[in-house]
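Hi,

Here is the structure I said I would pass on.

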Amino acid sequence: MESKKSRILVFGGTGYIGKYIVKASITLGHPTLVYTRPLNSQTPHSKTQICNEFNSMGVILVQGELEHDQIVEVIKKADIVICALAYPQVEEQIKIIDAIKVTRNIKRFLPSDFGVEEDRINPLPPFQEFLDKKRKIRREIEASGIPYNFISANCYGAYFVNFLLHPHEKVKNIVVYGNGETKAILNYEEDIAMYSIKVANDPRTCNRIVLYRPSKNIITQNELISLWEQKSGQKFHKDFVPEEEIVKLSKTLPPPQDIPISIIHSIFVRGDLVNFEIGEDDLEASQLYPDYNYTSIDQLLDIFLVDPPAPAVAAFE
Ligand SMILES: NC(=O)c1ccc[n+]([C@@H]2O[C@H](COP(=O)([O-])OP(=O)(O)OC[C@H]3O[C@@H](n4cnc5c(N)ncnc54)[C@H](OP(=O)(O)O)[C@@H]3O)[C@@H](O)[C@H]2O)c1
């Protein structure tokens, strides 16, 4: 008989990656709760639509603020907590940690990481400061004794295909950061979400960092553009932005606009996603779950040809 499915609570479940995580949790048969700020007349229509969709899928929506007593009550109803709050709310995760310390029932907590492996890279100062906030949360979790996973999901695939290639627009020129030869890792959001639910339930991964680095998803900007040219039948002109210009922008743009350009430098110029080897002590998702048929970049571009995933809110524009 299959063991009882853990109850998964998602903070930030109505957000960009949160939606995928909630759907993956339901797909894998978990009773799923989403803690969301109260819906009211100011709530964007898009969020109301997502909440309606969640309701029809059987997701339990709990409305409330990031306030101790309210969070404690909802955490009591869960076994696993996954946080996908937006970057400006990263430090507010302290409140979730404090609540879990009180309830003491949580078998696994995944904080809002989902990007670079922040403990192994040293990017330009604006991105460094961004990561310091995430690192601080990691250290708090370690010190608290709460069982955790830290997820390094690398680039959200559809998000970065939209940003780099602009498939929704009829562009003739594509901007290339650096010389376009640096390897990056682009993982489709559905797979990031499915892997994350699997990791959160996996006894092998307790208190470990898990890297999402499937071999078919490592690609340079130049390779990505060529592949898209082959598939779309278009030919693009490349506008190269030299590293010096990117570094200069990271120093001259006002905060928070200096962060995205510093992230771009880290990923597409320095190659921080692949700058370290996966050692014997590391856990990598496609190796942990070899039977899971993840979406390759090639397949992701096919999805863009047929039914392109919508761009995210324009963080990088
Ligand atoms: N690897 C990558 O390529 C990549 C790309 C982008 C982001 N990320 C990371 O992914 C994580 C999630 O980012 P995201 O872009 O998916 O988030 P997002 O869509 O911007 O927001 C997620 C949720 O946060 C909640 N939220 C927003 N503003 C809030 C506020 N003022 N107070 C309280 N809650 C608020 C909202 O939930 P409710 O309205 O339901 O309360 C929102 O749906 C972050 O750690 C980010 O750094 C990674």
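Predicted model: local features only at pLDDT ≥ 70, side-chain atom pairs only at ≥ 80, totals over all residues.

Numbering runs from 1 along each chain as its sequence is written, and side-chain values use heavy atoms, with hydrogens and water left out.

The ligand is surrounded by 23 residues, the closest being T14, Y16, T36, N154 and Y156 (near means a heavy atom within 4 Å). It also has polar contacts (N or O pairs within 3.5 Å). A ligand oxygen sits 3.0 Å from a polar backbone atom of I17, and a polar side-chain atom of S112 is 2.8 Å from an oxygen of the ligand. For N154, a backbone N or O atom lies 2.7 Å from a ligand nitrogen. Of the 920 Å² of accessible area that the ligand has on its own, the protein covers 79% (Shrake-Rupley, 1.4 Å probe).

Now the helices (DSSP runs of H or I, at least four residues). The axes of α1 and α2 (residues 45-57) come within 11 Å and cross at roughly 5°; axes are lines fitted to C-alpha atoms over the stretch in contact, with angles from 0 to 180 degrees between N-to-C directions. The two helices are therefore roughly parallel to each other (angles under 35 degrees). K19, V22, K23 and I26 of α1 meet I50, E53, F54 and M57 of α2, with contact meaning heavy atoms within 4.5 Å.

Cheers

Note on methods: Polar contact = N/O pair within 3.5 Å; in protein donor to acceptor, adjacent residues only side chain to side chain. Parallel < 35°, antiparallel > 145°, perpendicular 65-115°, else oblique.
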